[in-house]
Amino acid sequence: MRLKLKLRHLFTAVFLAYVMPVLNAQITNNKADNIKLFVSNMSLGDKAALCSGKDFWTTRPLEWSKIPSIYITDGPNGLRKSNITNGFAQDIVPATCFPTASALASSWNIKLVEEVGKAIGEECQENNVQIILGPGVNIKRSPLCGRNFEYYSEDPVLSGYLGAAWVRGVQSQGVGASLKHFACSNQESNRMTVNVIADKRTLHEIYLRPFEIIVKLEQPWSVMASYNRINGVFSCENSWLLKDVLRKQWGFKGFVVSDWGAVNNLPAAIKAGMNLQMPGGPVDRTIVDAYDRGRLSEKDLNQSVEDVLRITLKSDSLKKENFKYDREQHHRLARKAASDCIVLLKNEGSVLPISRDSNRKIGIIGSFAKKPRLMGGGSSMVNPTMVDVPYDEIKKIAGDNLLFSFSEGYPEKDTVDQRVIDKAVNLASGSDIVIIFAGLPENYETEGVDRLHLNLPASQNALISQVAIVQKNVIIVLFNGSPVTMPWLSEVEAVMLAGLSGQAIGGAIADVLFGDVNPSGKLAETYPLKLEDNPSYLNFPGEDQEVFYSERVFVGYRYYDMKNLETLFPFGYGLSYTSFGYNNLKLSSTSIKDTDSLLVTFRVGNIGERAGNEVVQLYILDYECTHQRPVKELKAFAKVELAPGESRQLGFVFSYEDFAFYNPVVNAWVVETGDFEILVGASSQDIRLMKTVHVDATKKWIAPLTRYSLIKEWTAHPIGRELIAPVLNGMARSFSGNQDITGNPVEMINRVIGDMPIIKLVGFSQGSFTMEMLNQMIIEANE
Ligand code: BGC
């Protein structure tokens with residue numbers, strides 16, 4: 001025994017002295033194959049040390065080797081890097097503040113989001129950051145979630161493709177993205193403990209789907225495991241989520257980092273497939289302890305360290321020393337992005353775009369005009385390199401004919417001050433056009449807190465209504481990262497949703513107000529008429545630390561459609577200064593197999609007088625399904641630039657996954673034979689073209705049989721049918737007093753007791769059909 005121990009020590013010493021340096025040189029040359037060997041020879045202490053970071057933002061280096069430390073920090077609407085590494089929020093380096101995800105999503109512009117991602121990647125390179133924490137692709141289940149501004153949409157496909165574009169852009173610069181918050185982080189109330197109770201189909205079709213799309217398309221270097229629990233298990237300790245789904249089903253190759261402080265039991269998390277606990281600090285001894293007690297296997301520990309090292313070495317090899325990004329160019333991109341995100345919600349009469357030609361007085365009201373909201377509150381807050389102030393930008397591009405005046409309109413505090421309103425009303429009555437800048441104050445939309453209602457501050461609602469009494473030409477510009485109610489909607493001429501669109505929003509608003517940019521954003525989430533209409537209303541934010549996703553897959557427009565509910569503005573809605581026509585929808589075939597692809601083409605044209613961009617949306621409706629499906633589901637979209645009079649033919653390819661739903665019984669995406677409608681529209685409620693295709697399912701999905709499977713399920717099963725036949729025949733004979741039976745006994749029995757679980761036959765058969773026989777049948781049926 002002693003000799004063995006000595007030999008082991010000798011071997012380790014030789015390894016460290018001679019072999020390790022060679023391996024080290026090789027792995028730092030990025031020979032990934034050697035990482036396995038390298039890790040298998042690391043000491044337990046070193047492996048344990050690599051399971052958590054060094055401090056708030058960096059990973060632990062291996063001092064004796066060439067394994068470096070890497071810098072991981074926030075995102076996602078720009079780089080947020082603190083100049084100190086041992087704390088949350090001090091001394092943030094300046095970076096371009098791009099539109100938040102909620103705003104970017106309303107651009108529906110994949111190319112733009114990729115460009116923004118690329119610019120953020122460049123800023124990371126200049127600041128020596130290897131991984132940026134984003135994008136946030138959680139679904140907007142409730143409009144009240146305090147962090148909705150950090151997320152894209154209520155729709156998984158829109159969130160997935162836009163998130164993928166962002167990851168593609170960032171990673172094109174040799175910087176990793178960390179996809180967050182995996183998964184079901186859909187509320188801030190009790191976010192660190194809440195237990196999300198959701199069925200498998202809902203999880204796969206709605207909440208996991210954006211992550212799946214992004215992982216499969218872009219392989220983000222990292223995924224961040226969320227704080228909450230899912231069906232009883234914390235995300236960081238959830239091996240179903242991190243191993244079965246993320247790695248086995250989707251093929252994820254990077255590492256999983258915990259959300260900051262999300263780990264409750266590090267060994268359990270490592271075992272479940274989480275790799276890196278953040279923030280770091282002193283080495284966590286629980287790993288060594290769990291290993292020594294046999295609660296954490298060497299295999300799991302090694303795998304975990306390997307995943308981190310692979311990315312660490314990759315990111316280190318892609319560092320660009322002395323890289324500098326172009327601040328002015330990034331600001332210009334931020335302006336282009338912001339204007340692409342603006343959604344024109346209402347434009348009656350001819351107030352917009354504002355003409356520069358005539359001598360008119362423009363009254364600008366609202367503190368946001370001088371101090372715009374650029375982003376939401378919390379860990380995503382960027383320190384902007386510069387800020388475009390809307391009031392200044394409007395004056396800058398308005399020309400000499402227009403005269404401007406300003407009134408504060410509402411106090412900073414959310415109280416109605418009639419004197420402040422009176423001043424604004426006075427200014428409005430002496431103006432030709434009034435632009436009111438309104439929106440949610442910063443403390444309404446911030447990480448850590450959910451909103452309690454959908455209303456704007458009472459002071460702003462009162463201001464708008466009172467101004468609208470004295471002024472016909474009222475334009476409202478809104479700053480908000482998630483839906484608000486608009487009790488004054490019918491009293492004003494125009495409403496423009498500026499969202500939380502980053503440091504260049506001031507210029508972007510000016511561009512759209514004067515028509516230098518034609519608005520082309522569309523809503524990435526439904527604006528309900530009232531909070532009570534929202535599908536999660538009765539189950540948000542839950543009780544006793546549990547929240548039931550009882551609306552299942554009917555989230556956002558999937559619910560409003562199904563219930564035929566009127567909304568304030570539907571999903572996918574947005575106006576333009578021009579109009580678009582759709583025609584000539586063609587399908588490559590009217591009947592396909594589910595293994596075929598379907599080419600969908602149609603023509604979209606600009607039938608107005610201004611150049612403009614149109615967001616086209618393609619939905620699918622499944623007519624017949626064994627499971628309840630939404631009236632329509634978004635499957636594809638594109639943003640098309642069109643000159644006046646120009647038209648373009650567009651083509652989209654649909655395949656298996658576009659027709660499939662997630663069948664929890666067989667645990668797979670399943671297409672069922674039947675007719676599907678292909679819907680092409682300008683919004684979810686403005687479908688312009690539709691055509692039917694018949695899809696034939698080629699695969700027969702067989703659900704495993706259990707003792708609780710129904711008799712009709714046994715008789716429908718290819719093997720189960722054979723196995724149950726003698727049992728049913730015997731029963732039929734005994735029912736009929738052992739007489740010969742006319743007709744098919746199986747059919748007859750099925751008609752009468754088809755809905756009975758097979759296990760009941762054990763009791764009713766009085767000993768002739770035993771539990772052992774049933775168990776044997778189950779084994780044979782599922783072989
Ligand atoms: C947030 C993450 C963020 C992290 C680091 C957490 O509280 O949930 O989104 O990336 O802090 O700041």
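## The second largest cavity

Thirteen residues line the second largest cavity of this predicted model, and they divide into six nonpolar, no polar and seven charged. The space inside comes to about 110 Å³. Of the 13 lining residues, E205, R209, E633, K635 and W669 are the closest to the centre of this cavity.

Where does the lining of the second largest cavity come from? Three elements, α6 (156-171), α7 (200-207) and β24 (633-642), each supply at least two of its residues.

## The largest cavity

Let's turn to the other cavities. The structure holds seven cavities of 30 Å³ or more, and the largest has a volume of about 130 Å³. Its lining is made up of 17 residues. Among them, S102, A103, S106, L497 and E525 lie nearest the centre of the largest cavity.

The lining of the largest cavity divides into nine nonpolar residues, seven polar and one charged.

## Around the ligand

Now for the ligand. It has 14 residues around it, and D74, R147, H181, Y227 and D259 come nearest. The shell divides into six nonpolar residues, two polar and six charged.

Which side chains place a polar atom by an oxygen atom of the ligand? K180 has a polar side-chain atom 3.0 Å from a ligand oxygen, and R191 has one at 3.2 Å from an oxygen atom of the ligand. For E447, an N or O atom of the side chain is 3.1 Å from an oxygen atom of the ligand. The protein covers 98% of the 310 Å² of accessible area that the ligand has on its own.

## Two cis peptide bonds

Two of the residues that come nearest the ligand, D74 and H181, also take part in cis peptide bonds. D74 is joined to G75 by a cis peptide bond with omega of about 10°. G75 itself lies in the loop between β1 (72-74) and β2 (94-95).

The other cis peptide bond joins K180 and H181, and its omega is about -10°. H181 has its place in strand β4 (residues 176-182).

## Positive phi in two loops

What value does phi take in N231? It is positive, at about 45°, although N231 is not a glycine. N231 sits in the loop between β7 (229-230) and β8 (233-234), and it counts as partly exposed because its relative accessibility is 39%.

R552 is also a residue other than glycine with a positive phi, here near 55°. The loop between β18 (546-548) and α18 (557-563) is where R552 is found. With a relative accessibility of 31%, R552 counts as partly exposed.

E646 and E298 are 348 residues apart along the chain, and their C-alpha atoms are separated by 64 Å.

How values were computed
Residues are numbered from 1 along each chain as its sequence is written. This is a predicted model: local features need pLDDT of at least 70, side-chain atom pairs count only at pLDDT 80 or more; totals for chains, interfaces and linings use all residues. Side-chain values use heavy atoms; hydrogens and water are left out. On a 1 Å grid over the protein atoms alone, a cavity is a set of points where a 1.4 Å probe fits but cannot get out, and a pocket is an open set with protein on both sides within 12 Å along at least five of seven lines; lining residues have an atom within 4 Å of a point. Grid points are joined across faces, edges and corners, and a volume is the space filled by probe spheres set on the points. Ala, Val, Leu, Ile, Met, Phe, Trp, Tyr, Cys and Pro count as nonpolar, Asp, Glu, Lys and Arg as charged, and the others, Gly among them, as polar. Helices (H or I, at least four residues) and strands (E, at least two) are DSSP runs, numbered from the N terminus. A residue is near a molecule or strand if one of its heavy atoms lies within 4 Å of it. A polar contact is a pair of N or O atoms within 3.5 Å; within protein, one must be able to donate a hydrogen and the other to accept it, and residues adjacent in sequence count only if both atoms are side-chain atoms. Accessible areas come from the Shrake-Rupley method with a 1.4 Å probe; for residues, only the protein chains shown count as cover. Buried means under 20% relative accessible area, exposed over 50%, partly exposed in between (1.4 Å probe, protein chains only).
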